[in-house]
Amino acid sequence: MYSEAEKYNNQITEAIRQSHCAQQFLTHGRVVVVKSESAQDHLLGAIVKATTSGSNKQYIVLVLKPDVPSTTQTPLEKKSGNFPEGYFMVPKSKRGLEDDGYFAAPTSRKGSGAINIELPHHGAAAGVSYEVRAIDRKELLCICKQKIKIDQVRLLEDGSSAAFSTTVQQLLDLKSGGNKYPQAVDPVKDLKLKDMELVQAWYKWNSLREKMETNKCHDCIKLEEHLKLAKEIKRHKEEVNALKFQMSDEALQQMPDFQGRIDVLKEIGCIDEDLVVQIKGRVACEMNSGEELICTECLFENQLDDLEPEEAVAIMSAFVFQQKNTSEPSLTPELSEAKQRLYNTAIRLGELQAHFKLQIDPVEYARENLKFGLVEVVYEWAKGTPFADICELTDVPEGMIVRTIVRLDETCREFRNAAAIMGNSALYKKMETASNAIKRDIVFAASLYITGV
């Protein structure tokens, strides 16, 4: 209940700040509830004086403190009739008017407006501690309907202990009858609030406040200790729940995407219904140079079987070439057919992933993972065409050509390992031949600066 009420504290403060009518209530004698930073509960008090500090309106308030007063804070102890050892009574006729114990009536003396007590001022009266301090409007949590009599002159100028005792007693009288706080002003009728959110927060806060007043915990002498313990228990529970969430499937932000990819792998046969990796999945694990699914489908559809090693390695260049915009290559009918077949495979895989709710556009998927700009160049290089001649076939920079062919040799090794897993000896030998065909001349020289020396 305490933590729920704390959620509305800032909204209540904002409501008071926004209300233009609140100022007419914030005059001396008005009973208010002030936020407390150190105590577990908020403080009942009364406005002693409204002051202006620059552009900010400040209020000097007297609030009741929850701590038990010490013996050094009880200057009015002599009024109780139980006099500690060493006290003596002065005859009434000899008591001066300055004696606070017999000067309890409000003074008619006009004050100078000075504040002679040092703020914050601490004291004790009627068995409770009190504090006089200056606050901003943002520290006000509630404006109550009740007002009490305040003697500004004797409180702030004279520092009269009797005046403080009278004020404290009036606040204590308001708490009699089991009421923790007096009734609050109405946010609509009195403060003229129009913001529905703030009005609702005000009503909820007051409803919680009324429930808290009837709670027997308020009479517990270990309330603060128990509240600290409850907060500690709550914090540990939140930590446990956070750890449980992190260990759960719901913690994966990409869980729908993850599940969709699992379904795709099941559909194409990389894993079975029990999520056990199949031979197709093992082959996919060998593919690092290109897109795993397209490379794996290319192998299991035997798309390279009817191609010569030079043609096969030329088509495989689409997996590793990175540049998007290039001149259109001139391909043989066999290479054109192989290109279209591989492209159709990529489109099919893109549509399958889209079917399982993955955010993939099939055409964009195929375009991003297959770039056929160097198919003709690699084909001619594998056939033995000099490097200077193949550079004339495309507008791709020479450095990009060298880099693609070097990476293509790695792809040939990956396809060769995959062929060994599949048990396809013909494809294994074809990949060895293709790798040897491209691994020559200036492209694989140890250093361009010492080649030919």
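Helix 11, residues 309-320, packs against helix 17, residues 425-438, at an angle of about 80 degrees, and their axes are 9 Å apart. Angles of 65 to 115 degrees count as roughly perpendicular, so helix 11 is roughly perpendicular to helix 17. This is a predicted model, so please hear every value as computed from it. On the helix 11 side the contact is made by P309, A312, V313 and M316, and on the helix 17 side by K430, M431, T433, A434 and I438. By class, that contact has seven nonpolar residues, one polar and one charged.

In soluble globular proteins, nonpolar side chains tend to be buried together. Here the largest nonpolar core has 58 residues, and those with the most contacts inside it are L304, F319, I401 and F415. Helix 11 gives the most to this core, with eight residues. Taking F319 as an example, its contacts beyond four places in sequence include I294, C295, L342, L370 and F415. There is also a second, separate core, of 44 residues, which includes F25, I135, C144 and A184.

Now salt bridges. The count comes to 18.

R348 and E301 meet at 2.6 Å, N to O. R348 lies in helix 12, residues 333-355, and E301 in the loop between helix 10 and helix 11, so the pair ties together parts that are 47 residues apart in sequence. R348 is partly exposed at 35% relative accessibility, and E301 is partly exposed at 36%.

In the second, E328 pairs with K339, with the closest N and O atoms 3.6 Å apart. E328 sits in the loop between helix 11 and helix 12, and K339 in helix 12, 11 residues apart. E328 is exposed, at 65% relative accessible area, whereas K339 is partly exposed, at 23%.

In the third, K439 pairs with D409, the closest N and O atoms being 3.9 Å apart. Is D409 buried or exposed? D409 is buried, because its relative accessible area is 6% and the cut-off for buried is under 20%. K439 is partly exposed, at 40%.

Shared partners also join K280, E297, E301 and R348 into one salt-bridge network.

Last, F444, in the segment after helix 17. F444 touches I405, V406, D409, I438 and K439, leaving out residues up to four places away in sequence. F444 and I405 are 39 residues apart in sequence and 8.9 Å apart in space, C-alpha to C-alpha. F444 is partly exposed, with a relative accessible area of 27%.

Terms used
Residues are numbered from 1 along each chain as its sequence is written. This is a predicted model: local features need pLDDT of at least 70, side-chain atom pairs count only at pLDDT 80 or more; totals for chains, interfaces and linings use all residues. Side-chain values use heavy atoms; hydrogens and water are left out. Axes are lines fitted to C-alpha atoms, for helices over the stretch in contact, and angles run from 0 to 180 degrees between N-to-C directions. Helices (H or I, at least four residues) and strands (E, at least two) are DSSP runs, numbered from the N terminus. Angles under 35 degrees count as roughly parallel, over 145 as roughly antiparallel, 65 to 115 as roughly perpendicular and the rest as oblique. Contact means heavy atoms within 4.5 Å. Ala, Val, Leu, Ile, Met, Phe, Trp, Tyr, Cys and Pro count as nonpolar, Asp, Glu, Lys and Arg as charged, and the others, Gly among them, as polar. Buried means under 20% relative accessible area, exposed over 50%, partly exposed in between (1.4 Å probe, protein chains only). A nonpolar core is a set of buried Ala, Val, Leu, Ile, Met, Phe, Trp, Tyr and Cys residues joined through side-chain atoms within 4.5 Å. A salt bridge is a side-chain nitrogen of Lys or Arg within 4 Å of a carboxyl oxygen of Asp or Glu.
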